[in-house]
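Subject: Structure handover, with notes on core, rings and pockets

Dear colleague,

Please find the structure below, followed by notes on what was found in it.

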Amino acid sequence: MIVFVYGTLKEGYGNNRRLTGCKKLGPAKVSDFKLYDCGFPVAWPSKGEVITGELWDIEEKKEVLMSLDSLEGEGSMYNRTDVCALDSSGYEVPAQMYVGHPKNWDTSRLRICPKNEENAYIWS
């Protein structure tokens, strides 16, 4: 299983340790999402917008998936969602990412993350 991460799970951030033993595939982008910052990032559907992050192959490691689901509050804070990521070579990669659960986030009250020089949202 490939996951797209865009915040504290990225390499160099505190929660990346949950991906220990998994293979980093590299930088990627996902379209039709905007990134909000509430002390940690929240991806939210937004047509025409792009966010940046990383692709990780967690293989079939159930303990890693359970750890990620626990961190993200799968089904309550976030929903694990199928997406199509664009890797750094321009290839489309089917992946899963955590998207803010609608019942828990009022995006009108959240700060929007900045964009990079490619007009894609980043969290750092």
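A nonpolar core is taken here as a set of buried Ala, Val, Leu, Ile, Met, Phe, Trp, Tyr and Cys residues joined through side-chain atoms within 4.5 Å, where buried means under 20% relative accessible area, exposed over 50% and partly exposed in between, with a 1.4 Å probe and protein chains only. The model is predicted, so local features need pLDDT of at least 70 and side-chain atom pairs count only at pLDDT 80 or more, while totals for chains, interfaces and linings use all residues. Residues are numbered from 1 along each chain as its sequence is written, and side-chain values use heavy atoms, with hydrogens and water left out.

The largest nonpolar core has 36 residues, and those with the most contacts (heavy atoms within 4.5 Å) inside it are Phe4, Tyr6, Ile51 and Met97. Two or more of its residues come from each of β1 (2–5), β2 (23–37), β3 (41–57), α1 (62–72), β4 (78–87) and β5 (92–100), these being DSSP runs numbered from the N terminus (helices H or I, at least four residues; strands E, at least two). The largest share, six residues, comes from β3.

The structure holds four aromatic pairs, meaning rings of Phe, Tyr and Trp (its six-membered ring) with centres within 6.5 Å, called stacked with planes under 30 degrees apart, edge-to-face over 60 and tilted otherwise. Phe4 and Tyr6 form a tilted pair, 6.4 Å centre to centre with 35 degrees between the planes; Phe4 is buried at a relative accessible area of 1%, and Tyr6 is buried at 5%. Phe40 and Trp105 form an edge-to-face pair at 6.0 Å and 75 degrees. Because Phe40 lies in the loop between β2 and β3 and Trp105 in the loop between β5 and β6 (111–112), this pair ties together parts that are 65 residues apart in sequence. Phe40 is partly exposed at 33%, whereas Trp105 counts as buried at 12%.

The largest pocket has a volume of about 210 Å³. A pocket is an open set of points on a 1 Å grid over the protein atoms alone, where a 1.4 Å probe fits, with protein on both sides within 12 Å along at least five of seven lines; lining residues have an atom within 4 Å of a point. Of its 14 lining residues, the closest to the centre are Thr8, Phe40, Pro41, Glu72 and Tyr78. The second largest pocket, of about 180 Å³, has 14 lining residues, with Pro27, Ala28, Lys29, Thr52 and Gly53 closest to its centre.

Kind regards

Definitions and conventions: Grid points are joined across faces, edges and corners, and a volume is the space filled by probe spheres set on the points.
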